[in-house]
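Please consult the sequence and the structure shown below while reading.

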Amino acid sequence: MRVTVSQIKEMKERGERIPMLTAYDYTTARLLDEAGIPMLLVGDSLGMVVLGYPSTIPVTMEDMLHHTKAVVRGTQRALVVADMPFMTYHTSPSDALRNAARFIQEAGAQAVKLEGGEVVAETIGRIVDCGIPVMGHLGLTPQSIHQLGGYKVQGKTPETALKLLRDARAVEEAGAFAVVLECVPAPLARLITQRAKIVTIGIGAGVHCDGEVQVISDVLGLFPDFVPKHAKQYSRLGDVIRQVAKDYSAEVKARSFPTAKESFAMDEALVDEVARALSSA
Ligand code: KIV
């Protein structure tokens with residue numbers, strides 16, 4: 001039985017912190033599911049950490065559907081949230097609804113996530129009214145990177161802090177069940193969390209949000225390009241992979257791999273017979 005949106009809301013009510021991670025493929029999703037992570041995000045961050053783009057902007061619906069299907073196949077229990085890519089929910093609420101529905105119907109996700117506050121409230125309402133749970137995303141919204149002028153902390157002035165509070169209220173009133181707060185000062189994220197009924201999920205937003213999300217490649221120490229300030233590397237899988245590749249390469253060159261253990265035997269007499277048959281043919 002999968003975790004439901006109601007269960008996520010109940011976790012907030014109980015004061016139980018909600019751990020969330022991104023996942024982009026079957027194997028990782030399966031391991032995170034087995035570890036008991038209740039909510040997985042197929043983030044459009046996959047554009048950077050899986051596909052090698054410089055931002056999330058080039059990510060398409062087809063990219064997201066492809067990876068969401070893999071994550072859904074890898075999970076039995078986790079609630080899977082799919083990120084709606086750039087320009088798939090901006091043109092009109094009807095377009096947004098059509099695209100959101102594809103994540104639920106074709107890919108098997110249980111919810112979608114989209115960026116923005118008051119400006120997308122009508123769109124959120126339309127999607128939720130049709131039975132699709134929505135997670136909002138405020139603060140540093142990477143799809144607006146060109147307008148924001150870089151990956152910077154948001155809401156540091158009284159005006160922008162008030163705007164964030166208004167946006168959080170708009171997302172909540174539109175019917176979203178949760179909202180990501182990305183790169184928001186910790187005291188402001190605490191204020192939003194205290195005032196909101198909606199579940200807040202922080203990333204670079206301090207410890208007072210109802211839950212926390214991180215990009216899986218960051219916590220595994222897998223992404224070589226950079227480590228964001230808000231991320232903690234729980235492992236150095238990048239180093240592990242590099243070392244494995246070097247050891248493998250050395251053993252292949254030295255003919256010490258594969259050994260008999262990794263090979264399939266055949267009676268030498270049979271091999272001789274085949275060789276004789278070949279030479280007399
Ligand atoms: O795309 C993503 O991974 C995200 C998280 C950083 C919240 O939106």
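How are α4 and α5 oriented to each other: roughly parallel or roughly antiparallel? The section on helix packing gives the answer.

## Basis of the description

The model is predicted, and local features are described at pLDDT of at least 70, side-chain atom pairs at pLDDT 80 or more, and totals for chains, interfaces and linings over all residues. Residues are numbered from 1 along each chain as its sequence is written, and side-chain values rest on heavy atoms, without hydrogens and water.

## Domains and barrel

The chain comprises domain 1 (5-235) and domain 2 (240-280), with bounds from an automatic or database domain assignment. Their centres, taken over C-alpha atoms, are 48 Å apart.

A closed barrel is formed by 8 strands in the order β1-β2-β3-β4-β5-β6-β7-β8, with parallel pairing. From one strand to the next, the twist averages 25 degrees. Strands (E, at least two residues) and helices (H or I, at least four) are DSSP runs numbered from the N terminus, and two strands pair if DSSP finds at least two bridges between them. For example, β4 (residues 111-113) pairs with β5 (residues 134-139) in the parallel sense over 2 bridges. Val112 has Val134 of β5 as its bridge partner.

## Helix packing

Two packed helices are described by the angle between their axes and the distance between the axes. Here the axes are lines fitted to C-alpha atoms, for helices over the stretch in contact, and angles between N-to-C directions run from 0 to 180 degrees. Angles under 35 degrees count as roughly parallel, over 145 as roughly antiparallel, 65 to 115 as roughly perpendicular and the rest as oblique. Helix α4 (residues 61-73) packs on helix α5 (residues 93-105) at an angle of about 25 degrees, with the axes 10 Å apart. The two helices, α4 and α5, are therefore roughly parallel to each other. The contact (heavy atoms within 4.5 Å) involves Met61, Glu62, Met64, Leu65 and Thr68 of α4 with Asn99, Arg102 and Phe103 of α5. By class, this contact of α4 with α5 has 4 nonpolar, 2 polar and 2 charged residues; Ala, Val, Leu, Ile, Met, Phe, Trp, Tyr, Cys and Pro count as nonpolar, Asp, Glu, Lys and Arg as charged, and the others, Gly among them, as polar.

On the pairing of α5 with helix α6 (residues 121-129), the axes come within 9 Å and cross at roughly 45 degrees. Helices α5 and α6 are therefore oblique to each other. Pro93, Ser94, Ala96, Leu97 and Ala100 of α5 meet Glu122, Thr123, Arg126 and Ile127 of α6.

## Helix α8 and its neighbours

Helix α8 (residues 158-173) lies across β5 and β6 (178-182), and runs at about 175 degrees to β5. The axes of α8 and helix α9 (residues 186-195) come within 11 Å and cross at roughly 30 degrees, which makes α8 roughly parallel to α9. In α8, Ala161, Leu164, Leu165, Ala168 and Arg169 meet Leu188, Leu191, Ile192 and Arg195 of α9. This contact of α8 with α9 has 7 nonpolar, no polar and 2 charged residues.

## Backbone exceptions

Most residues other than glycine have a negative phi, and most peptide bonds are trans. Met87, which is not a glycine, has a positive phi of about 70 degrees, and is placed in the loop between β3 (79-83) and α5. The peptide bond from Phe257 to Pro258 is cis, with omega near 0 degrees. Pro258 lies in the loop between α11 (237-253) and α12 (268-280).
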